Amino acid sequence: MTTHPNSGSDQVVRLGSVRKVYGGRRNEVVALHDVSLDFQRHTFTAVMGPSGSGKSTCLHCAAGLDRPTSGSVVLDGTELTGLSEKALTRLRRDRIGFVFQAFNLQPALSVMENVALPLRLAGRSPRRGMVMDALDRVGLAERGRHRPGELSGGQQQRVAIARALITDPAVIFADEPTGALDTATALDILALLRHSVRKAGQTVIMVTHDPVAAAHADRVVFLADGHLAGELREPTAEQVAERMTHLGAWAARRSAAAPERKR
Ligand code: ADP
C-alpha cells in the first residue's frame, strides 16, 4: 500500500467551513454554507439529501474537481485549496478513485485496458497480474478481453470499481453508483463497495438519494439546502427514508429562523 508523508490522520478527507457560491452578484446561489465535515479512513459514508441540497457540490469540492469559494479541503494530508490545476490533476489521478453513475468506461478499450488506464496515465506500466488481481476482486477475471459494450450494466460498474481500486487510492468517491442499475444489480454493487471497505481497507464516500443504497454505509450524512442536517450511524433504509422525509421541513424551518441565509 502506498503511503503519503502526511497521510497518517484517521480523517482521510476534512472539509473545513467549505462555502461554495455559484453565479454572480445578481444570480448568486449558495450551494454549500460553511460545511465542516470529516470522513474517517477505512469507512463507507453516504452523503444524502434532496435534489439541489448540495450533494454533488460537496463531492466535487472534496475530490478536487471543483474549488470552494472559501474554506479548506484536506485530502490524505494535502490541503487542496492552494494547489495548481496540474497538481490537483495529479492528486486526483494518484490518490483518488472515481465511480460514476454512467460507468464512464472507454468503449474502444478492452476491460483489462480500461482497468489499467489510471496506471498508464500516471506513466506506470501496469503488470498483467495487478490488473487481473483487480478484476478478480470484482469477480470479472474471465472478462478481461471483452469490450465494455459486451458486458451488462452491473458488470460495467464492476469494471469501473476495479479501475478505481487499481491505484490503491486513499479514497474512492462514488457518485450515484447504482443510479443506472436494476435493484438486484444495485445491491451487488453496494455489497462490493462495502466489501472493499471491510475486507480491503478502502475508504468510500458515496453520494446517493436512495435510502436503500445509503443503508449499506457505516454512516449517512444529510445535507439540506446546502447545510449539514445531521447524520446516522449504521442506519436501516427505513431510518434513512424517515429522516429524508423531514429534511424539507428542516430546511424550511432553518430559512424561516435565519432569512438572510436563505440562499
Ligand atoms: P444535489 O447534488 O444535491 O442535487 P447540487 O450540488 O447539484 O445538489 O446543487 C446545489 C445547488 O447549487 C442547487 O441550487 C444547484 O442549482 C446549484 N448549482 C449546482 N451547480 C451549479 C452551477 N454549475 N452553476 C450554478 N448553480 C449550480
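Which residues does Thr 57 touch, not counting residues up to four places away in sequence? Select Thr 57 and you will find Lys 20, Tyr 22, Ala 31 and Leu 32 in contact with it, where contact means heavy atoms within 4.5 Å.

Before moving on, a word on what is loaded. This is a predicted model, in which local features need pLDDT of at least 70 and side-chain atom pairs count only at pLDDT 80 or more, while totals for chains, interfaces and linings use all residues. Residues are numbered from 1 along each chain as its sequence is written, and side-chain values use heavy atoms, with hydrogens and water left out.

**Stop 1**

Helices (H or I, at least four residues) and strands (E, at least two) are DSSP runs, numbered from the N terminus. Thr 57 counts as buried because its relative accessible area is 9%; buried means under 20%, exposed over 50%, and partly exposed in between (1.4 Å probe, protein chains only). Show the side chain of Tyr 22 too: it makes a polar contact with the side chain of Thr 57 at 3.3 Å. Such a contact is a pair of N or O atoms within 3.5 Å; within protein, one must be able to donate a hydrogen and the other to accept it, and residues adjacent in sequence count only if both atoms are side-chain atoms.

Now select the ligand. Among the residues around it are Tyr 22, Val 29, Ala 31, Pro 50, Lys 55 and Thr 57, each with a heavy atom within 4 Å of it.

- Gly 52, from a backbone N or O atom: 2.7 Å
- Ser 53, from a polar backbone atom: 3.1 Å
- Ser 56, from a polar side-chain atom: 2.8 Å

**Stop 2: the second largest pocket**

Next, select Arg 92, Arg 93, Phe 98, Pro 118 and Leu 121, which lie nearest the centre of the second largest pocket among its 16 lining residues. The volume of this pocket is about 430 Å³. On a 1 Å grid over the protein atoms alone, a pocket is an open set of points with protein on both sides within 12 Å along at least five of seven lines, a cavity is a set where a 1.4 Å probe fits but cannot get out, and lining residues have an atom within 4 Å of a point. Grid points are joined across faces, edges and corners, and a volume is the space filled by probe spheres set on the points.

Colour strand 6 (96-100), one of the elements supplying at least two lining residues; with 4 residues, strand 6 gives the largest share of the lining.

**Stop 3: helix 3**

Helix 3 (111-121) also supplies part of that lining. Its buried residues include Val 111, Met 112, Val 115 and Leu 119, and the buried residues of this helix pack against helix 2, helix 4 (128-137) and helix 5. Just after helix 3, click on Gly 123, which takes a positive phi of about 80°.

**Stop 4**

Ser 17 has a positive phi of about 45° although it is not a glycine. Look for Ser 17 in strand 1 (residues 11-22); Ser 17 is partly exposed, at 38% relative accessibility. Finish at Asp 225, in the loop between strand 9 (219-224) and strand 10 (227-233). Asp 225 is not a glycine either, and its phi is positive, about 55°.
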